[in-house]
Amino acid sequence: MGDAAVISDLVWLCRDDGLLRYRAKWATSQSAKVPTREEFWKQLVLALLSSQQIWTPGSLIDRFSQTEPFALALASYRGMDEQQVIARLKGFRFARRVAAYLQADHEALFGTPNEWTKIESQLRELAAQVNSPADPAHRNREREVARYLAAMLRGVGPKQSRNILQELELVRYEIPIDSRVAEWLRTNLGWEIRTDQLGDGNIYEKWLDKIQIACAKAEVLPTIFDAAAYDWERIGRQMQKTTAIGYVNRNGQVVIRNTGLPGTDHGQSVYQLACSNCGHTYGANGSDIHLRLCPGCQGGAKGLDYRQ
């Protein structure tokens, strides 16, 4: 199976995931907005923090991102000294380093002279692209802006510059290659990506080019692939669990074996299930196991043929 086919299968399997649905919606909605300086600043702060620690649901950075008002909002930051900023970053790794980056970036963005006017113009161009039908040629401007941010902002490299733009919903083709995406590419496509080398813009773009080519062949926007690959660890583990022999779903349906027969869903195999209530046996797609009801005593859909 080629790389494009594997990517296509990944996106299909993740079709019901919340992150993927959200990303697909904004990537095709044509309702992008030009971010304010306050919105841009918040994403810059979060990008600098996430480059030093992993962002997972419920983590310190996740909770920090949801503070209302935002703990380091631009208006508040302007009235703080270095020690106050560090105090707001208590618990984060390399808080002093991040505080120094913020000071330098604030001066570059909003000092005299400042870069914000130029960046705002670039963001307006990206919003106009997202507000038109997807076109692979758009990646050229996306890349130019990502390169500019990485070169101009302290502490922001190739990954974080794209992360900022993606969080602002202004890109479809330039994506952050984080450790989870790199791991998926290594495991499923055999791509030997070394994350410790991705701070080099040339190496980063070499791998990103390869991702974009494979996504184009799969007819999948890179931002959609990114959402699926990013969240695959959770989804994949859940699917592996639900297809394990002996797994019992909440309706009392037990996995007996993988028959190896092709299922009726894309890329699925037929599994033999048995009802722990009445003993009825039947076949089901692996992707359906977690929600199956017994056709014999629970009114479930007719089972698939599982006899070889």
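Strand E1 (residues 253-262) and strand E2 (residues 269-275) pair in the antiparallel sense, with six bridges between them; strands here, like helices, are DSSP runs numbered from the N terminus, with at least two residues (E) for a strand and at least four (H or I) for a helix. Two strands count as paired if DSSP finds at least two bridges between them.

The model is predicted, and local features need pLDDT of at least 70, side-chain atom pairs count only at pLDDT 80 or more, and totals for chains, interfaces and linings use all residues. Residues are numbered from 1 along each chain as its sequence is written, and side-chain values use heavy atoms, with hydrogens and water left out.

Taken as a whole, the chain contains 13 helices and three strands. Its C-alpha trace spans about 75 × 40 × 35 Å along the principal axes. Of its 308 residues, 47% count as buried, where buried means under 20% relative accessible area, exposed over 50%, and partly exposed in between (1.4 Å probe, protein chains only). The accessible surface comes to about 15,400 Å², and 49% of it belongs to carbon and sulfur atoms; these areas come from the Shrake-Rupley method with a 1.4 Å probe, and for residues only the protein chains shown count as cover. Among contacts (heavy atoms within 4.5 Å) between residues at least 6 apart in sequence, 59% join residues at least 24 apart.

The buried residues of H7 are Ala 95, Val 98, Ala 99, Tyr 101, Leu 102, Asp 105, His 106, Leu 109 and Phe 110. Seen down the axis of H7, these buried residues fall within an arc of 160°, so they line one face of the helix; the arc is that of the directions from the helix axis to the C-beta atoms. Arg 96 and Gln 103, on the other side of H7, are exposed. The cover over the buried residues of H7 includes H3, helix H5 (74-77), helix H6 (82-88), helix H8 (116-130) and helix H9 (138-152).

Gln 52 is found in the loop between helix H3 (37-50) and helix H4 (60-65). Its relative accessibility is 12%, so Gln 52 counts as buried. Leaving aside residues up to four places away in sequence, Gln 52 touches Arg 93, Phe 94, Arg 97 and Val 98.

Arg 186 belongs to helix H11 (residues 179-189) and is partly exposed, with a relative accessible area of 25%. Apart from residues up to four places away in sequence, Arg 186 touches Ser 179, Trp 191, Glu 192, Ile 193 and Thr 195. Arg 186 and Ile 61 are 125 residues apart in sequence and 27 Å apart in space, C-alpha to C-alpha.

Finally, the cysteines. The structure holds zero disulfides, a disulfide being a pair of cysteine sulfur atoms within 2.5 Å. Cys 275 is in no disulfide, and the nearest cysteine sulfur, that of Cys 297, lies 3.7 Å away. Cys 275 counts as buried, at 3% relative accessibility. Cys 278 is likewise in no disulfide, with the nearest cysteine sulfur, that of Cys 294, 3.7 Å away. At 42% relative accessibility, Cys 278 counts as partly exposed.
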